Every structure is written in structure tokens, then in C-alpha cells.
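Thanks for passing this one along. Here are my notes, as numbered points to read beside the model.

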Amino acid sequence: MTSVSASPVTRSPGEEFAAAYAADPAGAVVRFDFTITDAFQPTKERPRVTVRNLFRKRSVGTEPVRFWCEGRPDASEAATVHESDLRREAAFRFGMAEAGVHPIRAWVQIPEELAKDPEGLAVFVDYRLLVRLATAENQALTIGEHGLLRHPEIAKLPYRHDYLTGLLAACDEIEQTGATPHAMIVNPRDYYTHLLGRGGLLDDLARNGVQISRTRMVAPGEAVVGDFAMAARLLDAGRSAIRIAIPPPGTFATDGPAVCAEIHEGLAIHLPTHFFHVVPA
């Protein structure tokens, strides 16, 4: 097995891996002391906000971290707090929580003709494997086992009229907690059906400082709206790897050499009260 450590200096992750693969096709491994979805973005000439880019980052190690959090009170608790009808957050419960980083992986198979073409293999890894890794990252941070929508205190906000009504209602709910609707995650279908080309809507949102991440990991007709910058942190272990490995069953329909890209991330959700899952009623 050939193991190489790399840092973001001159060669892309694909170029680093292609060199290791040429030296040892059966056991090539390249380890990076940074998160490759952050440092190398092959689609940056076509700007598109990924879910990771909505959060502020906190660098962590491999051990779980403890952090402060707040949660919603029940109605009887809120009633005992002076002016909680005016300032909802006055009645929030204070507490502590724990979260850590988890592996996020993506896979590709090496076409036979690329096995002896280092330049072509490097481009393939940079523009296919890393794109798939960014998709896996979107999934993990949104609906994955440790993702945003798995948090039990993030409230659903049903809407009964059009989709835009639901989005704007969530923005209002967030401001009613004293926060700001900093960003939203929407399905591309809703972006192109309900947002793009609808007068000055996107310009209005941009002027209000609202970032939009488009991903299939939120179902059509739904959205996640929140104060991402204030309410959560992306836990980033700052380490990655690209390696030859055996994929789990069901990864591919056929056998063949497989390459895995892996990063380590998690979410610390301080204020689940500042997120809403917009859903049809």
C-alpha cells in the first residue's frame, strides 16, 4: 500500500491520487490535512452554495465536543416568564449538548482506459469523485443520521397556500425569536418553479442577506429556513483521504476497482429554535 500525505499547495487532490495510484494501483492512499470539499471546489466557476457553506466552521478533533444550547419551553413554562409573549426567547430553556464528527464518503469506479492515464484519472477524481463527495456531504448535513433535520427540536412549519407563503412564514417565525433568516435549503425543482424568474423575488432575498442552497436532499415542496450563521456550527476535523477500497454492497452494479473519498464532519446545533422545516400541510 502506498500512503501519501498532502496539503493544499500545488497539486489538486486528483493529481495527488493519480500519482499514488501509478505507484501502487492496488493500495493507493492519499491523506490530506484539510477538508477537500472546502479547499478544492471543482465547480467554483459555476457558483452554487453547498450546505456546508451556510454554516460557520469550528475546527475540532475526533472526540465529541460539548456545547451550550437552548430549547423551546412548554406553554406552562413560557407563561411564567415575564414578557415571553413579546420576546419568545426569554422563555427558552438553557442546556448543554454533545456532538462529534462522522465520516462522509463517496465512491467511483475507475474506467479501465483511465487506469494507465494519470492525467485523465486526476481529472476524473477531481470532477467526478469530489462532486459526488459534495453531494454526499449535502446529504449528511441535511437528512443524514446526524443531519440538521434529524434534530428532534427543529419544528415543522406547515403551509396551506403556495410554497412562497411557507418560506416567508418561516422567515417571519425566525425574526419573531429575535434572529435573522440567514439562509434556506430548497430543492432545485422549487428553486426553478417558484423562485427563479418570479419578479424581483431573488433580488429581494439577496438584498436581505438570504443565501440559498439548492439540493435534492430536501424534498420538493419543502425547505429548511434558519439563522444558520448564529444557530449552528459545522464541526470540521480538517482531515480527508482518497483511497482504493472495497465498496459496501449495493454501491455499484458491477465489480471493478473503486476509489473512496472521505471527510469527517458534524453539526453542533446550538439553537434548534432558529430553524424551521417548511412542509406542505
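1. Glu-83 counts as partly exposed, at 35% relative accessibility; by the cut-offs used here, buried means under 20% relative accessible area, exposed over 50%, and partly exposed in between (1.4 Å probe, protein chains only). Glu-83 sits in the loop between helix H3 (75–79) and strand E5 (93–99). Its phi is near 65°, a positive value in a residue other than glycine. For background, most residues other than glycine have a negative phi.

2. A word on what we are looking at. This is a predicted model, in which local features need pLDDT of at least 70 and side-chain atom pairs count only at pLDDT 80 or more, while totals for chains, interfaces and linings use all residues. Residues are numbered from 1 along each chain as its sequence is written, and side-chain values use heavy atoms, with hydrogens and water left out.

3. Now the overall picture. The chain has eight helices and 13 strands, taken as DSSP runs (helices H or I, at least four residues; strands E, at least two) numbered from the N terminus. Its C-alpha atoms fill a box of roughly 70 × 45 × 35 Å along the principal axes. Of the 281 residues, 48% are buried. Among contacts (heavy atoms within 4.5 Å) with a separation of 6 or more, 80% involve residues 24 or more positions apart.

4. Please look at Glu-265, which lies in strand E12 (residues 258–269). Glu-265 is buried, with a relative accessible area of 2%. Its side chain makes a polar contact of 2.7 Å with that of Arg-52; such a contact is a pair of N or O atoms within 3.5 Å, where within protein one must be able to donate a hydrogen and the other to accept it, and residues adjacent in sequence count only if both atoms are side-chain atoms. Beyond neighbours within four places in sequence, Glu-265 also touches residues including Thr-35, His-102, Glu-137 and Leu-234.

5. Finally, the nonpolar cores (buried Ala, Val, Leu, Ile, Met, Phe, Trp, Tyr and Cys residues joined through side-chain atoms within 4.5 Å). The largest has 27 residues, and those with the most contacts inside it include Phe-17, Leu-129 and Val-259. Elements giving two or more residues to this core include helix H1 (13–23), helix H4 (118–142) and E12. H4 gives the most, with eight residues. Another core, of 20 residues, lies apart from it, with Tyr-159 and Cys-171 among its members.
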